[in-house]
Amino acid sequence: MRHTPTYVLTDPDEVKRLIRENPWATIVSNTATGLVASHYPVVLEETGAGVISVVSHVGRPDEKLHELGEHEILMIVQGPHGYVSPSWYGNGEFVPTWNHVTAHLYGTPVILSDAENFEVLDDLVDHFEQQLPEPMSLDLDEEQARRIAKGTVGIRFVVTRFDARLKLSQNKPPEVVDRIVAALETDGPFASPALASEMKRVRGDAPA
């Protein structure tokens, strides 16, 4: 990504928050046969300070297509993003931009055992289902769940380095940011309440 100091994100805890709130990742591998990309849910492991670790799974034969465990991969996590019109600035500027929160994570994944993989799948289901009034669980039919799990391969991905950006109009004066946020919160063609919320969080607004 373009290195603009104003937008560079270096805090591991902020990257963890991004993963926690946006658990859908793109996995990119540079393999012997060329580039391969896949998309899978991920769950952040609550590890020690400064350590970013996620667990996930891929459907067979993606583990072979990606040559997982044999080399470094890139995992991309994308947060809120959206178009920002210069008409919102109110100061005569005419060049638009695109605000976004993005992290590129690098590391070599470790292949999990079948038992570890099932535990990860079980945790992943529970992680998302817990928000529902009547959550489902693999425990409802563990035997069937274990048969289905054989079609997947679990991975643990410890991040060795990351390159992240938090581009949320930090280069604009407060009154312009206010107008951008207000426009994103309307029902217009480029409305994005999630992006507006992220902009307010970054500038330190108290939660509503």
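How many aromatic pairs does a search of the whole structure find?

1. The search finds 2 aromatic pairs, where rings of Phe, Tyr and Trp (its six-membered ring) pair if their centres lie within 6.5 Å, planes under 30 degrees apart counting as stacked, over 60 as edge-to-face and the rest as tilted. This is a predicted model, in which local features need pLDDT of at least 70 and side-chain atom pairs count only at pLDDT 80 or more, whereas totals for chains, interfaces and linings use all residues. Residues are numbered from 1 along each chain as its sequence is written, and side-chain values use heavy atoms, with hydrogens and water left out.

2. Tyr83 and Trp98 form an edge-to-face pair, 6.2 Å centre to centre with 65 degrees between the planes. Tyr83 lies in strand S5 (residues 73-84) and Trp98 in strand S6 (residues 97-107), so the pair ties together parts 15 residues apart in sequence; strands (E, at least two residues) and helices (H or I, at least four) are DSSP runs, numbered from the N terminus.

3. Tyr83 also forms a tilted pair with Phe190, at 4.7 Å centre to centre and 50 degrees between the planes. This pair links distant parts of the chain, 107 residues apart, with Phe190 in the loop between helix H5 (174-184) and helix H6 (193-202).

4. Elsewhere, the charged end of Arg146 sits over the ring of Phe118, 3.9 Å from its centre, and Lys172 lies over the face of Tyr89, at 4.4 Å from the ring centre; the criterion is NZ of Lys or CZ of Arg within 6 Å of the ring centre and within 35 degrees of the ring normal.
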